[in-house]
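The following exercises concern the model shown below. Each task is followed by a solution in steps.

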Amino acid sequence: MADKVVLYSYFRSSASWRVRIALALKEIKYEYKAVHLVKDGGQQYKEEYKKLNPMEQVPTLVIDGHTLSQSLPIIEYLNERTPDPPLLPKDLYGRAKVRALSELVNSGIQPLQNLSVLEKIGDGKEEWAKFFIEKGLKALESFLQETAGKYCYGDSVTMADLFLVPQIYNAKRFKIDMAQFPIISRVHDALVELPAFKAADASRQPDTPEEMRAP
């Protein structure tokens, strides 16, 4: 447990952002190592980084002598390693629902608007991204009618909330009209006021460009 924790991250990466929130909630201190996804042709493609993460993606978390990739299992690892505050409900059904909400974003929205995908789409990439983000958020809004309290699942922060906030940042980047998603918007606005979410925000990272930094 005494080993240095290192997070390889990019300030605007949704997946990295989720892990930053988890680390902040669990109060786990870490060293931030920036991997710029555009600069130098994409630093994630460099041989040194590929040895850590053969998928050429962020985040990568080095913790307890292990090298972990993929945000969802990283968050699950952190949740089991440091149980408080819990990011999954105690009951079996609740855990399944929170995982489903998380996966809706993780596999149903975010990969389809990922930088590497949009580069392959070329012309029409913004329309492509908007279509899949809106499709996914419509489904999420419907699910939240059943599960939401103050946050995505009841009144406690869960793993689903870690997936929601970065995705809404990207929805706004692609000029999605968030007025059509009142529950998502309400939950998002409550979450971004929490200290851990503020600390993890894209506007507050070591590699955030000066012009995008929070005042």
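In which loop does Q70 lie? Q70 lies in the loop between β4 and α3, where helices (H or I, at least four residues) and strands (E, at least two) are DSSP runs, numbered from the N terminus.

The model is predicted: local features need pLDDT of at least 70, side-chain atom pairs count only at pLDDT 80 or more, and totals for chains, interfaces and linings use all residues. Residues are numbered from 1 along each chain as its sequence is written, and side-chain values use heavy atoms, with hydrogens and water left out.

**Exercise 1. Backbone geometry**

Solution. 
Step 1. Most residues other than glycine have a negative phi, and most peptide bonds are trans.
Step 2. E56 is located in the loop between α2 and β3 and is partly exposed at 24% relative accessible area.
Step 3. P59 belongs to the loop between α2 (47–52) and β3.
Step 4. The loop between α3 and α4 contains P85.

**Exercise 2. The packing of α3 and α4**

Task: Determine how helix α3 and helix α4 are oriented and which residues meet.

Solution. 
Step 1. Two packed helices are described by the angle between their axes and the distance between the axes. Axes are lines fitted to C-alpha atoms, for helices over the stretch in contact, and angles run from 0 to 180 degrees between N-to-C directions.
Step 2. For α3 (residues 71–81) and α4 (residues 92–108), the angle is about 150 degrees and the axes are 11 Å apart.
Step 3. The two helices α3 and α4 are therefore roughly antiparallel to each other (angles under 35 degrees count as roughly parallel, over 145 as roughly antiparallel, 65 to 115 as roughly perpendicular and the rest as oblique).
Step 4. S71, L72 and E76 of α3 meet R99, S102, E103 and N106 of α4, contact meaning heavy atoms within 4.5 Å.

**Exercise 3. The buried side of α8**

Task: Which residues of helix α8 are buried, and which helices do they pack against?

Solution. 
Step 1. In α8 (residues 182–191), the buried residues are I183, I184, V187, H188 and L191.
Step 2. These residues cover an arc of only 130 degrees around the axis, and so lie on the same side of α8; the arc is that of the directions from the helix axis to the C-beta atoms.
Step 3. An α-helix has 3.6 residues a turn, so residues three or four places apart point the same way.
Step 4. The buried residues of α8 pack against α6 (125–147), α7 (159–173) and α9 (195–200).

**Exercise 4. Salt bridges**

Task: How many salt bridges does a search of the whole structure find? Characterise the pairs D64 with R81 and K97 with E146.

Solution. 
Step 1. A salt bridge is a side-chain nitrogen of Lys or Arg within 4 Å of a carboxyl oxygen of Asp or Glu. The search finds 8 of them in the whole structure.
Step 2. In the pair of D64 and R81, the closest N and O atoms are 2.7 Å apart. This pair links distant parts of the chain, with D64 in the loop between β3 (60–63) and β4 (66–69) and R81 in helix α3, 17 residues apart.
Step 3. D64 is buried at 17% relative accessible area, and R81 also counts as buried, at 19%.
Step 4. K97 and E146 form a salt bridge at 3.6 Å, N to O. K97 lies in α4 and E146 in α6, so the pair ties together parts that are 49 residues apart in sequence.
Step 5. K97 is buried, at 13% relative accessible area, whereas E146 is exposed, at 51%.
Step 6. Leaving aside neighbours within four places in sequence, the contacts of K97 are F143, E146, T147 and Y153.

How values were computed. Buried means under 20% relative accessible area, exposed over 50%, partly exposed in between (1.4 Å probe, protein chains only).
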